[in-house]
Amino acid sequence: MSAKWRGAWVRRTDGPGKEIVFSANSMLGEANYEEKQPQYWNDLAWRDIQDVLNLQPKTGVAKNLVLFLGDGMGVSTVTAGRILKGQLAGRTGEEELLEMDKLPYSALVKTYNIDRQTADSAGTATAYQCGVKANYKTVGVDGTVTLGDCAASLIGKAKSVLEHAHDAGKSTGIVATARITHASPAAAYAYAANRVWEHDGMVPTEAKALGCSDIALQLVQDNPFINVLLGGGRAYLTNTNQTDPEYPDQKGFRTDGRDLIQEWTDGKAGSAAQYVWRKAEFDRVDPAETDYLMGLFEPDHMQYTLDAKNDPAGEPSIAEMTTKAIQILSKNPKGFFLLVEGSKIDLGHHASKAAHALNEVVTFNDAIAVAKDMLDLDETLITVTADHSHTFSFGGYAPRGTPILGLVPESDENVVLDNMPFTNVMYGNGPGFRLEGRQNLTGVNTADKEYIQQSAIPMKSESHGGEDVSVFADGPMAHLFRGLHEQVYVAHVMKYAACLGEYAATCRTCRTHPCTASAADKHTWTGFTLVATLLLLKTIIN
């Protein structure tokens with residue numbers, strides 16, 4: 001094998017002009033000597049035991065709900081993102097903690113759609129935001145609606161946590177790094193039999209005739225109450241005669257001639273409302289003087305973190321958008337609901353560009369840190385989860401500290417039959433497959449942001465993975481997240497924690513264990529009584 005494959009090399013800077021290149025093994029010996037001592041692990045475990053023993057569940061009612069959604073952030077992505085965060089700081093990485101890792105309660109949720117073993121983002125978004133499982137590519141509607149069935153979608157609407165929060169007098173907001181009309185944010189406010197119905201040009205004529213409208217129109221026309229909307233997707237709200245303000249060669253997509261951005265602005269006349277599309281404008285927004293803010297920073301999705309510096313108009317980071325959103329929403333004495341989606345984790349994976357996907361995890365982590373710092377977790381439930389996973393994995397017996405985006409060093413355990421080096425991370429399927437055989441990666445910079453990781457199965461776009469994903473939480477009723485649950489459980493815990501929707505009347509009477517099955521627990525027993533009554537009537541009739 002090539003000598004270039006031997007060793008896992010990292011860089012560390014020890015002061016100005018003192019960059020040292022050394023192996024992962026030498027770094028481990030220098031920085032992690034204490035880990036070789038059994039007492040280190042005994043002490044660490046005992047501290048963890050004490051932390052858990054001292055945990056006191058918060059059983060009050062949540063004033064605020066913040067849902068952080070890492071799109072495509074499966075367990076392997078969380079682990080690799082954690083390692084990258086540590087390595088960017090000059091450490092080996094494996095010992096690192098993300099902000100979500102520090103939240104005291106966690107669980108697993110099952111991500112399948114009603115009709116698919118491996119889910120898409122629309123059906124899963126409906127589950128964790130509306131509390132019901134849905135079919136593949138349907139958004140904000142229940143399982144009676146199949147893909148493209150407009151008529152059924154007009155009846156089978158599933159109300160989201162955001163809508164319930166608004167009904168309770170709370171402020172609401174959405175932050176995303178994808179289009180604001182994309183599947184995950186759309187489930188917070190829209191009902192569509194097909195997630196691609198983002199603008200009117202994508203809605204079939206027959207569906208329009210039945211009364212189905214596009215997602216962008218539903219956002220502006222049916223949900224004027226949403227206080228904060230930050231993300232991408234200008235072209236989906238503007239028409240084919242409008243030139244984009246940032247890219248003169250691009251126009252909007254709407255075929256109905258409507259300018260929904262202007263309509264949103266007109267609808268806020270007399271209110272403290274602002275629309276912005278570039279970072280300088282965003283930075284000038286005073287939260288104390290703003291009740292409504294729409295910021296659309298790209299015609300399509302926002303830039304990847306690693307590309308944002310090249311944006312001519314500039315873009316706020318997801319942490320900056322989260323900060324501004326919380327500042328605006330926190331003015332409401334009744335509290336708020338905020339959805340924050342790290343959207344481009346998923347898009348990086350689909351392109352099999354792991355450098356992009358994992359750097360998006362790191363910046364998503366920054367947004368979680370902002371919220372934890374700004375909010376009182378005695379009155380705010382913070383929930384961090386993912387909608388689904390990807391076919392992303394890493395392995396190969398790499399030594400401790402091996403660059404997560406680098407090559408796995410040659411060893412007796414890593415015997416490769418084609419005698420060529422392989423990357424630490426890779427995909428089960430995707431565009432990184434070469435029909436003529438595997439590329440020799442000797443001398444290739446696999447940490448480059450545009451490098452496409454190798455995959456086993458040739459596909460134009462890498463697919464989602466079907467395994468369970470994690471939930472991390474802190475705040476009122478966060479202790480309900482433990483064990484394995486259906487994905488709908490996420491929405492129901494949020495509603496129960498804040499006494500919203502079907503839990504509004506009864507949840508205050510049943511906040512502590514044990515919760516007795518009494519008249520107070522109407523949510524559980526009403527459904528049972530109805531079923532029992534129907535069965536009794538059927539028996540009498542027969």
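Start with the charged pairs: the count comes to 31 salt bridges, each being a side-chain nitrogen of Lys or Arg within 4 Å of a carboxyl oxygen of Asp or Glu. Side chains of opposite charge can pair when their charged atoms come close.

Before you select anything, note that this is a predicted model, in which local features need pLDDT of at least 70 and side-chain atom pairs count only at pLDDT 80 or more, while totals for chains, interfaces and linings use all residues. Residues are numbered from 1 along each chain as its sequence is written, and side-chain values use heavy atoms, with hydrogens and water left out.

**The whole protein**

Show the cartoon and you will find 16 helices and 17 strands; these are DSSP runs numbered from the N terminus, helices being H or I with at least four residues and strands E with at least two. The protein has 542 residues, and 53% of them count as buried. Buried means under 20% relative accessible area, exposed over 50%, and partly exposed in between, with a 1.4 Å probe and protein chains only. Accessible areas come from the Shrake-Rupley method with a 1.4 Å probe, and for residues only the protein chains shown count as cover.

**Stop 1: Lys58 and Asp474**

Select Lys58 and Asp474, whose side chains meet in a salt bridge (3.4 Å, N to O). Lys58 sits in the loop between α2 and β3 (64–70) and Asp474 in strand β16 (residues 469–474), so this pair ties together parts that are 416 residues apart in sequence. Lys58 is partly exposed at 24% relative accessible area, whereas Asp474 is buried at 12%.

**Stop 2: Arg179 and Asp300**

Next, pick Arg179 and Asp300, another salt bridge (2.8 Å, N to O). Here too distant parts of the chain are linked: Arg179 is in strand β5 (residues 171–179) and Asp300 in the loop between β8 (292–296) and α12 (318–329), 121 residues apart. Arg179 is buried, at 9% relative accessible area, and Asp300 is partly exposed, at 29%.

**Stop 3**

Now select Arg254 and Asp256, with their closest N and O atoms 2.7 Å apart in a salt bridge. Asp256 is partly exposed, with a relative accessible area of 32%, while Arg254 is buried at 0%.

**Stop 4: a nonpolar patch**

Colour Trp46, Ile49 and Leu53 on the surface: they form a nonpolar patch with about 330 Å² of accessible area together. Ile49 belongs to helix α2 (residues 38–53) and is partly exposed at 44% relative accessibility. Patches are made of residues with over 30% relative accessible area and no salt bridge; like charges are joined within 9 Å, and nonpolar side chains (Val, Leu, Ile, Met, Phe, Trp, Tyr) within 5 Å.

**Stop 5: Ser121**

Finish at Ser121, which an unreviewed UniProt entry lists under "active site"; such annotations may be inferred rather than shown by experiment, with positions given in the numbering used here and feature names shortened. Ser121 is in helix α4 (residues 121–130) and is buried, with a relative accessible area of 3%. Show its surroundings: not counting residues up to four places away in sequence, Ser121 touches Asp71, Ala183, Ser184, Arg195, Asp387, His388 and His464, a contact being heavy atoms within 4.5 Å.
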